[in-house]
Amino acid sequence: MSNEFRKTNMKSATEGYDLMGQHSPLWVADPGVHYVRILPAVGNMAINDRPSFYSPFSLHWGIGNTVIPCRRRMGLSSQCPVCAYASKLPEKEAKPLWPSWSAYMNILLMNSSDEPERGNDGQLQFKVWRVGRENLGKIIAAVELVSDTADDLLDITDLDQGWTLRVKRTGKTMEDTKWDIGCIKSGQSSITEYLEEEGVPPLPDLSTFVPFLEPEEIVALLTNNADPFATAPAPARNVRALAAPRADEDDEDDDEDEEEEKPVRSSGQERLKALMEKARTKKGKD
Ligand SMILES: [Zn+2]
C-alpha cells in the first residue's frame with residue numbers, strides 16, 4: 001500500500017473542531033446563578049398535538065451505559081422490559097430502576113444583563129437542557145407568576161416578548177443539589193435582534209432526542225450479554241399523545257397526583273423555524 005498524501009484542508013479541520021463542541025449540546029449547570037432563555041418548539045415538539053417548548057421522556061437510568069425510554073409510561077406499549085424486570089426485584093433494588101420523567105428543551109444561555117452569553121469563540125450558546133419533573137414544575141410556576149391569569153399564560157419562549165429565567169443551583173451532588181428557578185425581575189425582553197444578526201444553527205427536534213430501543217435490545221442490556229452497539233438503536237418514535245398518566249399505573253413513585261398541565265402557547269415556533277432556514281440558506285451561499 002502506497003502512501004498518497006493529500007494536502008490538509010485546514011478549513012475543514014477547524015470546522016471539524018467546531019462540530020465537536022456542537023455534538024455535546026447538553027447543558028450542565030455548575031453551582032451558581034445562570035440565565036436561560038427557553039426557545040420555542042422545533043419540528044414536531046408537541047404535547048397533545050399542540051406545540052410544546054419541551055419534549056417529555058419517561059426514562060430508565062442505570063442500565064448499561066444508556067438511558068432507556070419507558071415504552072409503557074410513554075404509551076407505546078403495555079409492556080416495558082425494564083419495568084417487568086424491576087417488578088420482580090426486592091423494593092430496594094427495584095427503586096433506582098423505576099422510570100422518571102425528564103423534559104428536554106432548547107435554550108439560549110444568557111447573562112445577568114439579559115443579553116446572550118458568548119462562548120470562547122464569540123458565538124451564541126445554544127444548548128439542550130434536561131430538567132426533571134420537579135424543575136419543570138418550577139418553570140411552569142414561574143410562567144404562572146408572570147401571567148395575569150391561569151387561563152391566559154404568557155409565552156415565556158416568545159422571541160420578542162419572552163422572559164429569561166434565572167436558574168440558581170446550590171450543591172454539587174445528587175443528594176445536596178437544590179434548584180431555584182424563576183423569571184428575571186427586569187421583565188420581558190427580545191432576543192430577535194441577536195438571532196437575526198447572528199443566525200440560528202439547526203436546533204434539534206427534541207421529540208426524537210432520546211432514541212427508543214427495541215424490547216429485544218433492552219432485554220439484552222438487562223441480561224448483560226449483548227453488545228449494545230451491535231445494532232443501531234431504532235429511530236425514535238414521535239411521541240405526541242402524552243396525556244395524563246393512565247389510571248392503571250399503580251406501581252409508581254411520583255406521578256399519582258399529576259395535575260392537568262395547562263398548554264403554554266408557542267407562538268415563536270414558526271419564527272424560529274424561519275430563522276433557522278435563513279441561517280441555513282445564508283450558509284449555503286457562503
Ligand atoms: Zn419501563
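1. Strands here (E, at least two residues) and helices (H or I, at least four) are DSSP runs, numbered from the N terminus. Please keep in mind that this is a predicted model: local features need pLDDT of at least 70, side-chain atom pairs count only at pLDDT 80 or more, and totals for chains, interfaces and linings use all residues. Residue numbers start from 1 along each chain as its sequence is written.

2. Strands are taken to pair if DSSP finds at least two bridges between them. His60 has Ile68 as its bridge partner in β5.

3. β4 (residues 54-63) has 8 of its 10 residues buried, so the rest of the structure largely encloses this strand. A residue is called buried if 20 or more other C-beta atoms lie within 10 Å of its own, exposed if 12 or fewer, and partly exposed in between, with C-beta atoms placed from the backbone. β4 also runs antiparallel to β6, with 6 bridges between them; there, Phe57 is partnered with Ser102.

4. Moving on to β1 (residues 32-38), you will find this strand mostly covered, with 5 of its 7 residues buried. β1 is joined to β6 (residues 100-110) by 4 bridges in an antiparallel arrangement, and Arg37 stands opposite Leu108 there. Another 5 bridges join β1 to β8 (residues 165-170), again antiparallel, with Val167 of β8 as the bridge partner of His34.

5. Which residues have the most contacts inside the largest nonpolar core? They are Val36, Ile38, Val82, Met105, Ile107, Leu108 and Leu165, in a core of 47 residues. β6 gives the most to this core, with 6 residues. A nonpolar core means a set of buried Ala, Val, Leu, Ile, Met, Phe, Trp, Tyr and Cys residues joined through C-beta atoms within 7 Å.

6. Val82 is worth a look in the viewer. Beyond its neighbours within four places in sequence, Val82 is in contact with His60, Ile63, Ile68, Cys70, Leu97, Ile218 and Leu222. Contact means that the C-beta atoms of two residues, placed from the backbone, lie within 7 Å.

7. Finally, the overall view. The protein has 7 helices and 9 strands, and 28% of its 286 residues count as buried. Among contacts with a separation of 6 or more, 70% come from residues 24 or more positions apart.
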